[in-house]
Structures are given as structure tokens and as C-alpha cells.
Amino acid sequence: MVWDPVALESRIKDRSRQVRHEAGSPNADELQRYELCLPDERAVGVVLGMTPELRALAGRHATRSYAIDHSPDAIALYEDWLSPTARARETVLFVNWMSLPTAVPEKADFIVGDGIFGNLLSVPDHRHLLAQIRNTLAPGGRFITRQALAPVTPEPAETLIRRYRQGDLSEAEFGFDLRIKGYWAQAYAREDCLLDCGRVYALIEDDLKSGRLSRDEYEIAQRYVFSGKNMFLPQKLWEDVLVASGFTFERHPLSGRSWYPYYVIYSCEVPPA
């Protein structure tokens with residue numbers, strides 16, 4: 001799935017300083033956790049997508065890095081969001097992730113991604129990409145990602161609005177939770193684990209028109225706008241798919257932000273033969 005320019009642009013908080021909105025992008029605490037999960041050998045790193053925060057991480061810890069994306073808009077928008085040192089070490093490849101081993105010319109010591117599996121709309125596609133990742137990793141290599149899981153206790157929009165107005169939620173927590181959890185009952189299909197984000201944002205528009213959402217609250221929600229569908233697997237199903245794909249894994253849950261319980265960092269390895 002290719003994200004449209006509107007969704008890509010909405011994630012940017014300050015273009016001049018190259019800062020993006022947290023939750024939609026990994027924040028400092030999450031990036032520190034990624035860093036702690038890196039394997040000892042770090043010569044070659046691969047980033048699935050153009051996530052600038054992860055590309056910068058790869059640029060600090062790998063001699064050579066590859067950023068893989070098949071969105072020309074994402075590449076054009078973010079390609080230069082790196083220090084000159086990191087950019088000199090990076091090769092950007094315009095390639096579909098599903099052909100990963102043939103795209104990357106050498107085995108990777110680590111592969112990182114952010115929310116990538118939410119863009120795959122079937123469990124077979126999850127298995128296929130995990131196989132591609134496994135076949136691209138060098139022995140002892142590691143795959144690290146933030147994985148969006150089906151929230152155990154989704155809060156309806158009215159609860160999130162009330163909590164935000166009471167000061168219980170930051171802007172990032174409110175905007176991201178509203179997109180993921182606020183309209184879960186109306187827009188999530190349990191039979192295929194798909195959240196219809198177009199439906200979510202249609203309901204957000206309705207709530208603006210009705211006065212249920214203020215204009216400022218609506219604008220916060222727009223930072224995370226997306227019109228397609230995303231897959232949110234229950235935790236057990238996601239972990240069963242990992243194991244069936246030959247990975248062992250560790251979960252690295254954080255505390256202090258409302259999205260941490262359902263947007264969890266996983267460090268995954270293929271056991272030695």
C-alpha cells in the first residue's frame with residue numbers, strides 16, 4: 001500500500017527543523033529502545049520505508065544502509081532528511097518490500113521498520129514479508145519494528161474528547177488515539193482485522209460538523225489522517241505468525257504514552273541452525 005501525499009505531509013510537525021509528530025513517528029524513547037535492540041554486528045542495516053528517524057539510526061550504527069520504499073512521494077519528501085554523514089552511507093532503493101532479498105545486494109545485520117505490517121492487508125502477506133526479512137538477514141541478524149496491535153480496550157471518541165479536555169491526554173495521544181481507537185466499534189472488522197481509516201475520518205468530519213469536535217481538536221486529528229485501510233492483528237495472532245515464520249521475539253513495552261500498549265516494539269531473531 002502506497003500512502004498519498006496528504007497523509008505523508010500531515011505527519012510533519014516542523015519542516016524547517018525536520019521534526020515529525022510523535023505517535024505517527026517513533027519518539028525519542030522509542031528510538032532509544034530500537035537502539036538497545038540492535039545486534040552487536042551492525043555493518044549493514046536496512047530500513048523498510050523512508051522513516052527518517054530510523055534511517056538516521058541506521059546511519060549512526062551501520063557502515064552501509066539501505067532504505068527500501070516503493071512510494072515515489074515518500075522518497076521525494078524524505079530522501080534528504082539525513083545528516084550528510086548518514087546520507088553518504090545510505091542507498092535508497094525504489095523497490096517493493098515483497099522482493100526484499102533480491103533488492104538488497106548483501107546480507108543485513110539488522111532490519112528496522114515502523115508500523116510496516118499495518119499496511120499489509122492479509123495474514124498471508126504478513127507471512128510473506130516475514131519470509132523476505134528472514135531471507136535478507138545475516139546469521140545473528142535482528143528485525144526490530146513498532147507493531148500496531150488491536151487495542152485490548154478501545155476508548156470511544158466521546159471518552160477521548162472528554163479526557164483531552166480534562167488534560168489527561170497530550171495532543172499526540174488524543175490525535176493518534178482518536179484515529180485508532182475512537183471509532184473502533186464503527187470502523188474495525190473483526191473478521192479480517194481491518195480498520196477502515198476512510199470511515200474513521202468520515203466520522204471525524206461528521207463530529208466536526210455536529211460540534212462534537214472543535215476546530216482545534218479536528219486539526220489535531222488531521223495530523224494522523226489516512227484514507228485507506230490498516231490491519232491490526234490481535235497480539236496472540238501476530239505473535240503466532242512470528243513464531244510460525246521462524247522467529248523468536250521479545251516485546252519491549254514502554255510506559256508513559258497512551259499508544260504504547262497497542263503500538264509495541266518487537267525485537268525478532270532467527271535462532272541459529
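Phe117 and Phe143 are both buried, buried meaning under 20% relative accessible area with a 1.4 Å probe, protein chains only; exposed is over 50%, and partly exposed is in between. This is a predicted model, where local features need pLDDT of at least 70, side-chain atom pairs count only at pLDDT 80 or more, and totals for chains, interfaces and linings use all residues. Residues are numbered from 1 along each chain as its sequence is written, and side-chain values use heavy atoms, leaving out hydrogens and water.

Now the ring pairs. There are 13 aromatic pairs in the structure. Rings of Phe, Tyr and Trp (its six-membered ring) pair if their centres lie within 6.5 Å; planes under 30 degrees apart are stacked, over 60 edge-to-face, the rest tilted. Phe117 and Phe143 have ring centres 6.1 Å apart and planes at 70 degrees, so this pair is edge-to-face.

What about Phe176 and Tyr263, stacked or edge-to-face? Their centres are 5.7 Å apart and their planes at 5 degrees, so they are stacked. Phe176 is buried at 6% relative accessible area, and Tyr263 counts as buried at 9%.

The criterion is NZ of Lys or CZ of Arg within 6 Å of the ring centre and within 35 degrees of the ring normal. Arg20 lies over the face of Tyr78 in this way, 4.9 Å from the ring centre.
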